[in-house]
Amino acid sequence: MQYKRILLKLSGEALMGENKYGIDPKRLSEYAEEIKEVVEKGTEVAIVIGGGNIFRGLAGASQGMDRVQADHMGMLATVINGLALQSALELKGVQTRLQSAIQINEVAEPFIRRRAMRHLEKGRVVIFGGGTGNPYFTTDSAAVLRAIEIEANVILKGTRVDGIYTSDPEKDKTATKFDSITFKDVLTKGLKVMDTTAFTLSQENELPIVVFDMNKKGNLVKLVSGENIGTVVNL
């Protein structure tokens, strides 16, 4: 396998499937199956999920809510998604641990770096919920931070498009895809990969990012096996 340890970043919206809100059990099961295949091939897997399918802090703040309170609600939404994915994985026989940056001891372990790394070494999937535990930081930032902390080889950002394009391929039919691109070029061209804080943190720590289509069956396994899937962002 090309990568020994990966950090998989999923958006909360990805869990909606064809729904307009919440969690689609069918989509959840499909993701769990993909992750199971990767684990069975010997790759250590950590996961960060967003919470946008339930509540997005920035959206709440834009409607008059206190930003800190709204962000805390968004963090709790990521824990709900983490519990859902944990259940889906365990139904398929995959051992998992959910760690939360906000202490909710009845449902999740607190985030402890050494414990997380030990779980990974034992072949368990570790799901990180609660974002960074701080308001004003996105789950993209949480994904990069956790990836650095657990010494992951790469961040795999699962989206609904198959890589990074010159413009939004869903709106611009002339958009062309990059097979690989540098951090510098992403910033120069104004391409949207992650929020600036997360992207800069990844660049400074020389941690590559691969953007790929998570909804296409088999893509995750192919990518981890070394096939040219999606777009690689590197130095």
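## A sheet edge and a helix crossing

Three bridges link strand E9 to strand E11 (residues 231–234), and the two strands run parallel. Keep in mind that this is a predicted model.

- Zoom out and you'll find nine strands making up an open sheet, with mixed pairing.
- Reading across, the order goes E4-E3-E5-E2-E1-E6-E10-E11-E9.
- The edges belong to E4 (109–110) and E9 (180–182); each has a single partner strand, so one side of each has no neighbour in the sheet.
- As background, strands in a sheet pair through backbone hydrogen bonds, and they can do it parallel or antiparallel.

- Helix H1 (residues 25–40) and helix H3 (residues 67–91) have axes that come within 9 Å and cross at roughly 60°.
- That angle is why H1 counts as oblique to H3.
- The H1 and H3 crossing is right-handed.
- On the H1 side, the contact uses Leu 28, Ala 32 and Ile 35, while H3 brings Ala 84, Leu 85, Ala 88 and Leu 89.
- Sort the residues of this H1–H3 contact by class and you get seven nonpolar, no polar and no charged ones.

**The annotated domain**
- UniProt, in an unreviewed entry, puts the feature "domain: Aspartate/glutamate/uridylate kinase" at residues 4–213.
- Over residues 4–213, the chain is 40% helix and 20% strand.
- The end C-alpha atoms of residues 4–213 lie 21 Å apart.

Technical notes. Residues are numbered from 1 along each chain as its sequence is written. This is a predicted model: local features need pLDDT of at least 70, side-chain atom pairs count only at pLDDT 80 or more; totals for chains, interfaces and linings use all residues. Side-chain values use heavy atoms; hydrogens and water are left out. Axes are lines fitted to C-alpha atoms, for helices over the stretch in contact, and angles run from 0 to 180 degrees between N-to-C directions. Helices (H or I, at least four residues) and strands (E, at least two) are DSSP runs, numbered from the N terminus. Angles under 35 degrees count as roughly parallel, over 145 as roughly antiparallel, 65 to 115 as roughly perpendicular and the rest as oblique. A crossing is left-handed if the near helix is turned anticlockwise from the far one by less than a right angle, and right-handed if clockwise. Contact means heavy atoms within 4.5 Å. Ala, Val, Leu, Ile, Met, Phe, Trp, Tyr, Cys and Pro count as nonpolar, Asp, Glu, Lys and Arg as charged, and the others, Gly among them, as polar. UniProt positions are given in the numbering used here, feature names are shortened, and annotations may be inferred rather than shown by experiment. Two strands pair if DSSP finds at least two bridges between them.
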